[in-house]
Structure formats: structure tokens, C-alpha cells
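Let's take a walk through this model, stopping at a few local features along the way.

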Amino acid sequence: MVKIRNISPRAILANLWIPRLHKSWIGLATLFTMAGLALVSCQDVTYEEEIEPQAPGTELPMVKLQGLVPSRIPDSCAWKTSKDSGREATVCEGTSCTVKFHLKSALGPDTLRLSLMRWGIRVGTVKVVAKPDGSGLTALGLVGTDSLVGKLLDAFALASSGNPDSIAKLGSDSRSRLVGFYASRLLAGDSAFVASPPVLPDGISRDALNAALVQVGARSSKSWTQIVMSGAGLDSAKVAALAQDAVDRGALQATDLANLQKASVGGAPVISVPSGSYDGPQEVEISCSVADCKLGISLDGSRWSPYLRPVQVDRTERVYARSIVTGEDPAITWADYTIALAPPRFTPAQGVSTTSRTVQILPSVPEATVYVSTDGLRWKVYERPIVVSVTTTLWAYDTMPGWARSPVVTAQYRVRTATPNIAPAGGTFPGAQRVSIADSVSEATIQYSFDSTEWLDYTGAVQVDHPVRLWARAWALGMDTSLVAATSFEFSLGEPKFSLPSGGFPSARKVGLSAASGVDIRYTTDGSDPSETSPLYRDSLDIARSMVVKAAAFKAGWVRSQVAMASYSINGSVATPEFSLLAGTYTSAKIVTLSVSTTGAQIRYTTDGTVPSDTSKVYKDPISVGATTTIRAIALKAGWATSLVAVSTYTITGTVARPSFSLPEGTYSKVQKVALSVATQGAEIRYTLDATTPDQTSPLYKDSIAIVAATTIKAIALKSDWETSPVASAKYALQDGFGMKLIPAGSFLMGSPSTEIGRAENEIRHSAQVSAFWMDTTHVTQGQYAALMGVNPSSSTGCGSDCPVETVTWFDAVLYCNARSKRDGFDTIYSYDGRKGTYGMATTALEGIVLRRGLQKPGYRLPTEAEWEYAARGTAARAGSYPAYSWGTASDPTTIGANAWYSANSLGKPHPVATKKPNDYGLYDMAGNVWHWVGDWHGTYPATLSVDYEGPATGSFKVRRGGSWDNPESFLRSAYRGGTNPDGRSTTYGFRCVRSSP
């Protein structure tokens, strides 16, 4: 450390460096500072020595660093030479200044340049050199001055003395005022300070000067353009940024900013949407009150474009507006926009549950990215629903490029441990109970209490042998404590049991009483209820006369039992009941009546093999015996002994009645349902639908049978020990135009010849073979679809219920086929791979659909591509003829119009089914109206198709066939193939179902 004392700063400045200094400088410190690092305390290298004043031009005496050996200098001490000069660190008080050195290596021959400072501006430099032998330092006189600084300081000294109030407006401290003064001279165009190229006084930074230029210019009503042209290197964007920062810091007032933004004369540009934060894009307009001003717009303040139309601001940015009036400076203003996102939304909402919950976080706009945190500190991109199985707080916010981040929102999901289950669940008991407590959360800790204050850990069943209220609760790690379960236990004695039930007897009897061990039984025979003073039961009671015996159980500290009572009458025995029909084997159902000779006696009986008692069914009406049955009966009369048990067994055999049909056989105009019944009680019905004779292995009849095509139902009825009924048979058919048509098996050439007009490359001709199958005569209609599925997805609902259903996906079509199979009692063809879906669900809900059971099953399905083309071509294909259309080769509008709805006659909409001619199989609209979805994936035909070929195993598109009301005649050809994503929807997409023939 070098301490310089008793040196007059005024003398040094006057004699060494600056000849003219204002007297106001007296008393200010001369600042000597080493460029570079901030001060680091280092005990081994600080040294203080007084230096006497020296005449100008003489060397300062040598300064020694006592006891300092270079090798001992600590590594933590830093040393900066003049090569790294920049900032200075010097402490001055009055006329005394201390220079602090930081060493990290030997001084060597390097030089230090110490700066003389005034209001933070370097006015000169003193050089300090080290002696070659390292024994000390030598301080030299002034080695450099800054003439621009001299001019600045002289001018500032004069201005500050002449108008101190004006100078004070330039800043709150001396340095700020000095820099502000320099900025004011530049703005005024003072030739003493404006240089070309521009230079800065040593010690004034470019950033500080720029800030001062904007603030001084705004306060003095300088225009934007004057500040930019001040020579300080500013552009419009920098002026805007510095001005806004000054307003934010309070260095500029709103009125100052308005001065900056307006022109010296004329109108300033007006931005229609003020600065601020908005939740969505804003449409910004720019206007000017002066008629001949020219408007410009910029997003960076430097590159300007003519303003032609409103600007759509859809991200966080600044918009600059400029107006130019002839003969005036341009006026520039700006507005800052923050386009902020709304926060994301949690679903379900926060709350308390006893089970895990899957929480979704939905962004405020689909394109936004959601960030989520479980501690409010560490964030990650939300990618999938979060399973919350313990009490958790979630934080989330939205982000999107060009938008301000949404506010952070939180949701707390509290998971409460399930309430324990106490078993038994309280009540009144005849004896001590072992009480178990369980919780559905396996890792939960269970506690119980008998007073709700002192809790014990549950480790096993709790013995409860006295009246008490039991509380239980559970808790698990990460979960809230469960709700408290509570139940009460009361204890009462079971009533005594009589060894002989009430009744009438022909002679005296002995009656015993019994109760739980350790219990006293007390009884009465005078009709009163027993008490603690009643006779104590010790041995059996003799019943020699008619009497009522009452008994109760007693035990110290327990509630008395209920009173048990038995009434005995010594009179005689009731006669045994008699049957009207002798036991035996019969070939038909029989009616059996019961009777008893004892007047006033009641008969009770059973038919389930149990012995009858006084609680058995009372005999009132004759008993119908339709199957092998054993009847047991007793007779009872008050005061009499119960009769003996009468038993009679009846074996019923015979022939079961023929089943009957709820609907006469015949031909019907629409699908019908037929119910089967049989008159023989307890018989079951077995049936077939393929005209074969049913037997005991045939399907069991449970529900009505849907008649969807020509069907022969045969049925028999069976009953154990009975002869099987005769076969019942009925034939049903549906009129043409309704239901389904049987398409016989056959082979044909699929595709089209190369000469066919309108032919596509994917129609390569090849051989194909199909088995017999049933096909809907029409498209599935809107009425049929809505009746079965509960919804009509069609766009053309005004067309009516007889119009084809449309705007259905391939998935909607197979869902309908499955539902129709279930309705009509068939196995479903399509499986969902464990998932289920309905109309309107996302496609992914049905991505697992596969053809599970094959074409040989009778359920409803979509036709294969081969089946569809075979049916569309009609009988001509079986005969070896392949016209282009389902009706033949004619392609004139009249013929086409008679057979199909297409682009030339549809008037741009679908039409009711079966309003055009059918083909020779009786199938309507195989060309036109709406497309047909088929089951196959779209792919290249193989050279030869196997029997009942189902198309490629995988693909991207499902095949469409037949054309629609929106297509030209070339699309109506029987060989034409379309393809669409299975989740595609269109007002031209429909379908019809098929069934494999048994």
C-alpha cells in the first residue's frame, strides 16, 4: 500500500496536469487507482510510507515493499499491470489518497499507470515503475492528459457556477451531471465537443452517454430524429429501449416520453391499441391527424415499411410507428405488446378421494406446451396424464412461441386412506366378540381406540366382551388419514330354549330349558315375565296340565335375555292327514287334495323333501303335480299334539306338448320376431334355423328369434322323465325389396378388361371364388341405424328415414354389424381387442378392431371386396358375362338414370333407397346413391384369389365400392375401387351388411 499525504490536489492539478482548474475543485480528492480487480485483502503485501511533495517534473521517491519476497506472495492475491488497465480502485479522504496494490506474481520490470480522476472522469495518468532488483517502486510524474476532458471540465465548471439549478436537473450525483452536461452539448451541436468520427472522453462509457442523450433530449423537447442524429451512434430501436427503461426506473416522466415521441410540429402517429398484456392476437391500426403525413411501421426501429393496412400482432413484440410531414422532423412512437396465454386446466378438479386418480392437464389452446411440476421448482413438459396415488400438489403453466407464459396454476389432490372396515359391524350380541379391523390399502397402518383419544396400533383381532364404542382409523405414507369408523357393541343374553315346542299332548311331558354356559335361567308358570327373584331353573319341568311357561336368562352385568315362552296343552293327538290320490306312477299331471279327520285342525306341507313344521306352507287349495313330487304333510291344532307326518310320492311321466310359434308362417314385408312356447310346465325348448331336425344338443331357446331372411324354424320340447315332444316347424320369408337376398356360391373374373372405358390400373382381372352368403337388399337406412344405435350421424337427415345412412366411418359400420348380430341372436364378428366404442368416439378407441371369427360364422359383417363385386354383377357373372355395370353395358344417361343416383341426376344429395331398378339378384343401389364400405384393406390384387379371400392382412385404407350421388358414371362400374382411411367420414359414405350362409 502507498499512502500519499500532505499533497495539495489543487497544486498537483495546476502544476502537473491541467493548468486551469476552477476553484470549486479545492478539497476534492486526487484519485490514484490501479486498473483492474476489486480490492482483495492481503496481509503480506500491504505497506504504507509517506511521500513528500515534489517539484513538477521530478521523480517521486522510491516506494519500498518491506519484507516482501516475490516467492512468498500468496496465490490468492491478484496483480494487474497496465496491459489490463481499465477500472481503478482508490480511496481518498480530504487531501490524502491510498493506493491499494493486489499482487499475484513478482512485479518485475512492468509498469503501473495510476489514473487521476475527477467526478469519475480520467484527467491524467501517473506512471509507477518497479526497480529492476525488485526492492521497491518508483512513482513518476504525469505522463498523459486528455484534452477533450479538459474542455469538458472547464465548460462544466463554468456552467455549474453560472446556473447550478439547471446542472442539478442533469442527475443526482456529480458524475451523472457531468455526463448529462456532455450529452446536452452534443444535442446542442457544440463544435467544441462534436468530433468526426465521434470520440468519447476517457472514462465516459457509451451506454451512460446514450442513456443521458435520451433523458436530456426528452426533457428538452428534442425530437427522436435529433437524438438519433446527435453523432452518438444511436438508432431508433435503441432510443425506444432506453426511453422505456428510463420511464420504468422513474428517470423520465410520462410527459417527457410524450415530448420524445412527438414531432416538433404537426401530428404524431397514433397507435390504436395501447401497450399492455392481452390474451390473444390484436389488430393494430396507425393513424395521423395531419392530412399529408406519411405513415411508416417497423418491428425493430431501424427498418421501416410504408403503413398500408392494420397489423396483426400475435406474439410478444414492440411495434414502432412513424409519421413524416413535409418540412418537419419525423415523429416516432411505439407500443409494447405482451400476448399472454391463459393458464391450463386440471381435470378432474382438485379434491379429496380414497382412490388413485388420473389427472389430465389441458392447455388453454391446443398448440400450447404445458409444463408441470410436483414441487413448484423443477419443471418438465407435460406429456401424458398423471396418476396421483398419494397426496400431491401439481403446478402447471402454458407456453407457446411468441406468447407470454401463462400464470402458474396449482391443484392439490388429496388421497385419503380408505376408512377401515370393522367386523362384526357392531350391534347387540349374546357373548364376547373377536373384532377384526381391515383396510383396503394394503400398506396402511390401522389404529383403534375405545375412547377416541388414546389410539393403539392394530396388530390382530380385538376381544370385546363388554358394552363399548369402538373407533378405528388408518393412514398410509403420502396419504391423508382416513375418516374414523365407529360402532357400538352391546351384549344381551340369548333367550332360553325349550326342549319341547308348544303344542297339545295326550299325556304329561317333561320339558327342559337350556342357555349359554354360566347363565342362570329363571322361569314362571303364572303368565308373568321372569325376574331376578323368579324360581331358578335346575332340572326339567313336569308338564302335567295345560300351562304357559316363560323363561329368561340372567347374568351379572349383562342385559336380561328376551323372554322365551311355550304353551302346553294336555288333550290328545291330531289325526294324520290323508291324500286323495294314492302314491304311484302316472302318465299325466294330477291334482292332489289333502284332508284330516280332526275337526279344526290345520294342515301344513312341503314338496322340497324337508319335514313339515308349524312354519311350513298352509294347505288351502288342491296341489297340482306336473312332475315327480313327494308331498309331506302334518296336521296341527292348538292344545293338541301334532299329528304324524304323512308322505306320498307321485311319479309323472308322458309326452311333452309340441312347441307353438307366436307368428304364423308366411311371407312378411319387414323383419319379424318369433317367440316359442310350450304348454307342458317345466319343459325346455331346443331349436334349429337351418331346416335340420333339432335334438337335445341344439340351441336352447331363451328369447324371440329375428326373421331377417327366408328361414325355417324347427323346434322340440323336452322334460326330464318325459317323452320328447313332436317336432314343430314353421317357414318364414320376406318380400322382395326388404330383408336380405341369398347370393349363391360361384366363381367369376374379378376386375375389368383393359378395353373397359374408365378402367383404372388397380382393376387387374383375376379369378375369384365365393361361398354362398346373404346380402341386405338395400343400404342400411337412417331409420334402421338410428333404431339400433340410438343416433343418426347422417348429414342429410331431411332426406328421411328411408334414405341411406351416411357420414359413417368404417368403424361405425362394423359397430352397427356387431349390434345387429347381438339383436338377432348371432355371435358378433368383430372384436375390439379389449376396447369398446360408439358413434362419435375418437378413432383410437377402435384401433384394436380385428376380424375374429371368420367368414363362416352367421353374424352380420361387411362384405369382402370379392363378395361385393360378385353380388353387384348379378347372375351374369355366374354365366361368364362381365358387363361394366350391374345392369349391363349401356352407359347412356337414360339407362343410367333408371338404375342409379349419380352426379347427373341426384341434384347434389342422396335419395331414399330402392327408388331405382334392382339388379337381377334383387339388390337395389349397388351403383350410386352412397358408397359401400367393405371389409378389405385396399391393396394390389393377387393373381388368383383363394376361396372367400378377405384382402391384405394390413393396410392404410379400407376399400369403398359402388360410387355415389356425387360421382360420374365411370365410378358406377362394378370393377371400380375406391379407398379411404377407416376413420374417414363423408356425406357419400354408407354400407350394407351381409351374413354367411349356413
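Which hand does the crossing of helix 9 and helix 10 have? It's left-handed, meaning that the near helix is turned anticlockwise from the far one by less than a right angle (clockwise would be right-handed). Before going on, note that this is a predicted model, where local features need pLDDT of at least 70, side-chain atom pairs count only at pLDDT 80 or more, and totals for chains, interfaces and linings use all residues. Residues are numbered from 1 along each chain as its sequence is written, and side-chain values use heavy atoms, with hydrogens and water left out.

Back to the helices: helix 9 (residues 782-789) packs against helix 10 (residues 810-823) at an angle of about 65°, with their axes 10 Å apart. That makes helix 9 roughly perpendicular to helix 10, a label for angles from 65 to 115 degrees. Axes here are lines fitted to C-alpha atoms over the stretch in contact, and angles run from 0 to 180 degrees between N-to-C directions. Helices (H or I, at least four residues) and strands (E, at least two) are DSSP runs, numbered from the N terminus.

The loop between helix 13 (893-899) and strand 65 (931-937) holds L907, with phi near 60°, a positive value in a residue other than glycine. D925 lies in the loop between helix 13 and strand 65 too, and has a positive phi of about 55°. L907 is exposed, at 74% relative accessible area, whereas D925 is buried, at 1%; buried means under 20%, exposed over 50%, and partly exposed in between (1.4 Å probe, protein chains only).

Notes
Parallel < 35°, antiparallel > 145°, perpendicular 65-115°, else oblique.
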